Amino acid sequence: MTSRAAIVDRALALYEDLDFGSVRAWCAEEGRKAAGYLPVYAPREIIHAVGMLPVGIHGGRDRLEIIRGDAFFQSYICHLPRSVIELLQSGRLDMLSAMLFPSTCDVIRNLSGMWQVLRPNLYTRYCDVPQVLEAGTGGRFWRQELETLLHGLAEVAGVTPDVEALRRSNAVYNEVRQVIRALYAARRDTPWRLPTEELYLVLRAGEVLPPEAFLQMARDYLAATAADDARPRDRVRVIVAGAFCEQPPLGLIKTIERAGCYIVDDDFLLGNRLLTADVPLDGDPLSALADTFLRHAMPSSILYEHAPDGKKRLMAQRVADARADGIIFAAPSFCDPALLDRPMLRAGAEAADIPCIAFQYSENTGQFQQFREQAGTFSDSIKLWGGQA
Amino acid sequence: MNGFVGIDLGSTTTKAVVLAEDGSILGKGITNSRSNYDLAAEVARTEAFVTARFGLLRREVERVAGAPVLDRLMRAFRVQQNLVQMRRLQALVDEEVDRGVMPGLQSPTRATLEAIFQRVEAEEEAWFAEEDPPRRSDFFRDVVGSAYTRAAEALVPDTGLSFDLFLGLWDKCIIRVENEPIGLGFADHIHTAIARLGSPPAVIEGVQRALAVELVAATTVGTGYGRARLPFPKEQIRSEILCHGLGAHAMFPNTRTVLDIGGQDTKAIQVDAAGIVTSFQMNDRCAAGCGRYLGYIADEMNIGLHELGPIAMKSTRSVKINSTCTVFAGAELRERLSLGERREDILAGLHRAVILRAMSLLARSGGIEDEFTFTGGVANNPAAVAALTRLVEENYGHRTLNISPSSIYTGALGAAMFAAGITHAGSGRAEGATS
Amino acid sequence: MTPHENVPPAPDRAPKDRSMQLQKDMIAEHFRRLEQAPETHEPVVYTFVPGNLTELVRSFGALPLLPEINALQSGMRGMSRKYIAEAEKAGHSEDVCTYVKCDIGMIKSGNIGPTGTRLPKPDLLLLSYTGCYTFMKWFELLREEYDCPAVFLHVPYQSDGRLAPEHRQYIVDQIRDKVIPALEQVTGRPYDEEKLRELLGHSRDAEDDLVAVFESAKRRPSPIDAYFGAVYYVGPIFSAFRGTPEGVAYYRALRAEVEARIAAGAGPITPSGQLDDQKYRLVVEGPPNWTSFHEFWQMFSDEGAVCVASTYTKVGGTYDFGFRHDPSDPLGTLADYCGGCYTNLSLPQRIDMLADYVREYAADGFLINSVKSCNSFSAGQLLILREVEKRTGIPGAFVESDLVDPRYFSAANIKNRLESYIQMLAARRIGSSAGGAA
């Protein structure tokens with residue numbers, strides 16, 4: 001078993017590598033191909049089932065200098081597509097043989113068309129997740145979408161679509177989600193043993209490593225943290241909500257924690273655990289994967305909320321589940337899904353007397369002073385007055 | 001003879017260029033833009049005609065009296081211009097003392113002002129008398145303003161009066177002087193200027209011959225951000241994009257791409273072999289990354305705008321700056337400084353960030369073709385030029401980069417060319433000096 | 001998304017076509033009925049312009065009400081600044097769509113509609129989610145304001161450049177299994193397919209006339225302005241009047257009016273007067289700005305520029321590429337309609353469409369008005385600009401504004417760009433006629 005420090009170092013190295021060296025090495029060693037996907041939810045099982053490596057493309061963090069990307073986007077569009085285009089145009093994504101664009105928002109949707117123009121020979125697929133939950137309509141639609149994707153990727157990979165392979169992939173990603181759920185539960189119960197700045201890096205590694213390798217890393221990390229003898233400190237327990245697409249810089253996560261908060265639930269890299277239940281391994285694997293999405297996709301800003309009071313109840317429920325003291329709404333600037341949801345989510349939380357603060361960031365935010373002050377004041381006020389300052 | 005005038009009404013300065021029929025530059029003038037656009041245009045135009053007259057005079061006077069005499073005459077002329085404005089300023093200040101100073105303090109204030117203005121005048125005379133005086137600003141506001149401040153700093157402390165009172169009087173009255181039409185033309189002051197030189201007959205004769213040449217503004221074309229305010233018919237107004245393209249083409253005939261970074265906006269322009277604009281992009285409505293951003297930074301660091309570049313050039317390790325947002329500039333700067341980053345490294349990063357924005361605009365407009373001409377106030381900043389040179393090399397390979405010391409006149413030159421109906425290279429080629 | 005009234009206050013600047021008055025009367029009557037709906041018990045269905053199911057709604061005897069139209073009219077009436085401020089005070093971000101904030105602010109300010117009448121509460125929120133993610137959030141937000149049922153229609157995006165057969169079937173299934181039952185429940189009436197066929201026939205007739213109007217811009221001079229003028233023309237068909245006899249009558253009158261202008265060799269009426277001397281023919285991409293609509297239009301007409309085609313006037317349907325509502329396949333035709341709205345087209349399709357317009361309408365140039373509010377339109381427009389330039393060999397112009405937030409309309413900035421662009425076109429024209437200049 002690898003030591004905890006070694007795991008985190010390895011995860012950090014993967015996180016910092018904007019050239020995706022590990023992906024390139026995998027492709028070279030295995031003689032196989034890789035498929036990228038953008039946030040939030042992409043069916044990685046399908047990519048895996050055709051023998052390709054699923055690679056999460058989460059922008060350029062705060063280290064990528066944007067030279068070509070800004071030429072494509074106006075100032076009022078979020079930062080993520082700039083850095084993704086920068087990665088593309090600088091050749092850093094040239095190891096990808098396919099690219100998936102989930103229906104997260106109109107910016108990512110249109111980015112799929114930009115890809116078609118900029119890389120006409122690359123396999124590009126828009127993943128329009130179903131917004132209706134009936135099996136006869138939404139279910140049939142989504143299964144068909146998954147099948148189209150499977151055939152498309154199989155052609156790219158040069159393989160024949162194989163039901164058994166897909167079943168195995170469903171099983172592997174069930175395990176991946178299980179370990180992620182276990183990590184989240186452990187952090188919720190003993191956040192002093194699992195600082196989010198570490199957990200986040202481990203989960204980021206899961207975006208570029210083959211799932212089997214990630215499983216090993218995540219289990220080792222979980223075991224190492226269980227043996228941690230750190231003691232709880234006087235900190236408040238917060239949920240960080242809204243950061244599901246463009247990822248915050250690591251510095252922001254550190255800033256929140258160092259300002260006196262334990263992050264006990266969050267939306268970071270939400271797609272890796274959007275399905276809250278295991279995909280059944282019997283029957284038709286495509287139907288099983290589609291059906292699990294319909295029945296067990298976590299409520300989030302990318303899916304229509306069918307229950308009239310769903311938005312109102314959501315944050316109170318999450319706070320109760322995570323035994324949190326308050327909520328930090330941290331949304332990327334110009335993020336339609338997060339920012340349009342925020343007034344509804346916040347109203348529901350405040351109606352339940354849950355303390356909230358809100359701020360905006362972008363993936364390349366370079367200064368944290370204002371976040372430090374806000375998060376620090378927030379945690380102090382909760383400690384002193386239970387947030388009723 | 002006919003003069004064709006181009007006026008570029010920018011957000012910070014107003015420039016005028018006068019061309020002869022053959023396309024050669026007769027004169028150039030510059031003044032700071034003010035609330036009254038008409039007047040700014042008039043002052044710049046007058047200045048351009050003054051230099052045009054001196055241009056005509058040069059041949060005459062140099063022949064009979066030699067070049068040094070002409071320089072001295074020019075200086076005498078400047079002194080006369082400044083003195084007439086200073087006297088007007090003094091009169092306004094005097095009125096202001098009546099209006100705004102408590103009766104008991106009026107008389108000591110007046111006495112101090114008298115002494116201050118005497119010193120200012122003496123400084124002007126000293127500048128004139130000097131054999132080879134250092135270069136100084138062409139603007140009355142700058143020259144007399146700094147002399148006034150120096151004099152006030154020396155004299156006010158002993159009087160028990162408030163220094164701020166004197167600064168306030170200056171602030172109030174300088175704007176009025178700048179916005180009053182005061183005769184500053186060639187004919188207004190050339191005779192008193194000659195008198196300062198002792199009225200040498202050869203010079204008088206040369207001046208008379210130069211004055212005899214009828215110099216008429218045949219056509220005037222206006223451009224620049226404030227062009228809509230110019231009292232010209234529509235056909236005499238040209239967009240600054242077209243004028244910059246044509247002006248840059250005139251200065252450097254092989255120009256294909258032009259970058260102009262001005263105070264309020266940044267422009268990336270592509271021109272064809274004839275200087276006709278084929279494509280352009282301007283910064284979006286957000287002014288991030290324009291010259292003004294560097295202005296905020298200079299204010300924030302409490303140093304002069306012109307000092308930024310040289311300080312940044314000392315950097316050995318540029319700091320990565322992510323935001324060129326003017327709103328956050330101050331906060332980002334303070335945070336970096338508090339983290340212990342060195343000032344020159346932060347400044348180098350800021351310059352790079354400004355140029356990165358420009359690179360995006362250039363990419364939007366169609367890239368950077370050879371040759372590449374850089375104009376606008378920021379083109380005088382060595383750190384910006386260094387960052388641009390490096391980024392162009394990295395992203396487009398080698399490009400010939402042209403920067404003219406007179407690049408500030410690019411738009412006005414283009415406008416004057418439109419006025420003269422000249423749409424080919426050649427005009428102002430003397431302005432072009434490849435860096 | 002289209003103005004019906006609130007033609008500018010100054011009568012000399014107002015376009016004064018007869019069809020305008022007709023439209024104004026239709027709208028006034030519609031809002032009168034909406035105001036009285038609580039008494040007359042006519043059911044009210046809130047829905048959106050792109051992919052609206054007006055014929056279906058009407059076949060149940062319900063009245064459609066479109067929040068985007070209310071928002072844009074608030075913009076034209078100078079109310080949007082206040083409404084947006086109201087919504088931002090209530091916690092909405094400055095970064096998001098101002099249509100949404102304007103609508104929310106209007107509701108919070110008493111819900112008085114564009115003709116000064118009070119708007120009724122919805123009996124049903126019919127969310128036809130076509131090509132704009134924000135619509136989904138908009139109705140989630142509206143649902144917080146009203147205690148009424150909502151029904152969702154998911155229209156898949158045409159990312160492969162076509163509406164796939166299975167996507168068409170998905171839409172049909174949803175209309176049949178979800179939308180129709182919801183309408184039946186709210187209105188208390190059974191689905192009447194014959195009625196729906198009849199209304200779809202009206203739609204088809206009106207669409208024929210509308211396309212004739214659009215295509216008239218291929219002439220010189222163009223008898224219409226296909227952007228600023230045409231947002232009036234698409235008003236009835238994009239909103240409550242598709243599939244109605246009033247709609248058919250309006251488009252017949254409009255077409256006759258345009259044909260009369262063609263016969264007279266006359267151009268459209270613009271804020272600068274009747275524009276007969278058309279120096280530049282432009283294609284426009286992107287929605288207009290509504291808060292300074294006439295000022296913006298006048299910047300074009302003062303330069304002698306006429307818009308000959310626009311994409312914005314296709315957000316409620318892309319009829320000029322051949323689609324017509326087909327009474328013989330009522331649900332299938334509604335699915336085709338929803339899938340084909342401009343907002344639902346992929347970026348390569350949008351590039352094709354613009355390049356085709358430039359060629360077919362013999363345009364001198366094209367302009368993109370990029371609005372801050374609308375990522376569906378705006379994200380990727382700079383690539384569209386580059387590609388259309390590449391395909392047509394004609395440089396494009398790029399200006400930025402917003403739908404209804406007056407803080408994002410800088411007249412000086414836009415005028416500067418537009419003038420520069422027009423002058424560039426003029427210089428290029430001289431340059432090319434002189435064979436490459438001196």
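How many bridges join strand β6 of chain B to β7(B), and do the two run parallel or antiparallel?

A: This is a predicted model, in which local features need pLDDT of at least 70 and side-chain atom pairs count only at pLDDT 80 or more, while totals for chains, interfaces and linings use all residues. Residues are numbered from 1 along each chain as its sequence is written, chains are lettered from A and ligands numbered from 1 in the order in which they are written, and side-chain values use heavy atoms, with hydrogens and water left out.

Strand β6 of chain B, residues 266–271, is joined to β7(B) by five bridges, and the two run antiparallel; strands here are DSSP runs of E with at least two residues, numbered from the N terminus, and two strands pair if DSSP finds at least two bridges between them. One of the residues involved is B:Q270, whose bridge partner in β7(B) is B:S279.

Both strands belong to an open sheet of five strands in chain B, ordered β7-β6-β5-β8-β9, with mixed pairing. In chain B, β7 (277–282) and β9 (401–402) each have a single partner strand and stand at the edges, so one side of each is left without a neighbour in the sheet.

Turning to chain C, its secondary structure comes to 17 helices and 10 strands, where helices are DSSP runs of H or I with at least four residues. The C-alpha atoms of chain C fill a box of roughly 75 × 50 × 40 Å along the principal axes. Of the 438 residues in chain C, 68% are buried, meaning under 20% relative accessible area with a 1.4 Å probe, protein chains only. Among chain C contacts (heavy atoms within 4.5 Å) between residues at least 6 apart in sequence, 78% join residues at least 24 apart.

Definitions and conventions. Buried < 20%, exposed > 50% of the residue type's maximum accessible area, 1.4 Å probe, protein only.
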